[in-house]
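Subject: Structure handover

Hello,

Here is the structure you will be taking over. Please open it beside this email and follow the notes below.

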Amino acid sequence: MPRLVVLSEGLTGRSHELKAEKTTVGRVEDNTFQIPDPSVSSHHCEILLRGSEVVIRDLDSTNGTFINGQQITEATLKPSQILRLGQVEVRLEADQSGSAAQKRTLDHTQVVPQGIKFEELGQMAKSGSPGFEKKSNKGTKIFIVVAIVVAVVILGFLAMVLFSH
């Protein structure tokens with residue numbers, strides 16, 4: 001059975017299976033699927049099951065109904081597309097009895113590392129693994145030697161020019 005999964009922060013984890021032919025979505029309690037967010041209208045939209053299609057119809061909401069960023073009054077929502085009601089984003093997940101390929105395209109959530117934990121930092125220091133390595137001074141040494149040689153050549157040239165007169 002297809003279901004809506006709320007993605008927006010603060011409402012994450014809310015979901016609703018689309019069992020009925022008609023599902024109303026809005027901020028107030030008399031909706032089939034209530035989303036208590038101020039940007040969602042009291043009766044924001046309705047979702048109609050027409051065979052295998054999921055049709056979204058805006059109910060003259062204040063902040064609009066969007067599918068993948070495109071404002072709609074009525075449109076078909078396909079699996080993995082993002083439905084935005086006001087500021088709340090919801091994703092349609094396909095019927096669980098769908099094909100394996102369809103399931104793979106829906107499961108594209110990745111964990112993004114947010115740095116290093118304090119404990120891991122301590123373990124790295126104990127293991128002798130340096131967090132940063134000192135940069136080589138070889139380039140600086142070569143530059144100084146070349147600069148000294150050029151300075152000596154210029155001074156020698158100047159001395160030759162001044163003392164030759």
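**A buried aspartate**

D37 sits in the loop between strand 4 (33–34) and strand 5. Strands here are DSSP runs of E with at least two residues, numbered from the N terminus. Please note that this is a predicted model: local features need pLDDT of at least 70, side-chain atom pairs count only at pLDDT 80 or more, and totals for chains, interfaces and linings use all residues. Residues are numbered from 1 along each chain as its sequence is written, and side-chain values use heavy atoms, with hydrogens and water left out.

Back to D37. This residue is buried but has no salt bridge. Buried means under 20% relative accessible area, with a 1.4 Å probe and protein chains only. A salt bridge needs a side-chain nitrogen of Lys or Arg within 4 Å of a carboxyl oxygen of Asp or Glu. What is the nearest side chain of opposite charge to D37? It is R27, 7.8 Å away. For charge, Lys and Arg count as positive and Asp and Glu as negative; His and the chain ends are not counted. Leaving aside residues up to four places away in sequence, D37 touches L11, R27 and V88. Contact means heavy atoms within 4.5 Å.

**The open sheet**

V88 also turns up in a strand pair: in strand 11, V88 stands opposite L85. Strand 11 (residues 88–93) pairs with strand 10 (residues 82–85), antiparallel, over four bridges. Two strands pair if DSSP finds at least two bridges between them.

Both strands belong to an open sheet of six, in the order 2-1-11-10-7-8, with antiparallel pairing. Strand 2 (15–17) and strand 8 (70–72) are at the edges; each has a single partner strand, so one side of each has no neighbour in the sheet. On average, neighbouring strands of this sheet are turned by 25 degrees against each other, direction ignored.

**Strand 5 and its partners**

Strand 5 (residues 45–50) pairs with strand 6 (residues 53–58) over six bridges, antiparallel. Two residues lie between these strands in the hairpin, and G51 has a positive phi near 65 degrees. R50 faces E53 across the pair, and L49 faces V54.

Strand 5 is also joined to strand 3 (residues 22–26) by four bridges, again antiparallel. There, K22 has L48 as its bridge partner.

Strand 6 pairs with strand 9 (residues 74–77) too, antiparallel over four bridges. I56 stands opposite A75 in that pair.

Best wishes

Key. Axes fitted to C-alpha atoms, helices over the stretch in contact; angles between N-to-C directions. Buried < 20%, exposed > 50% of the residue type's maximum accessible area, 1.4 Å probe, protein only.
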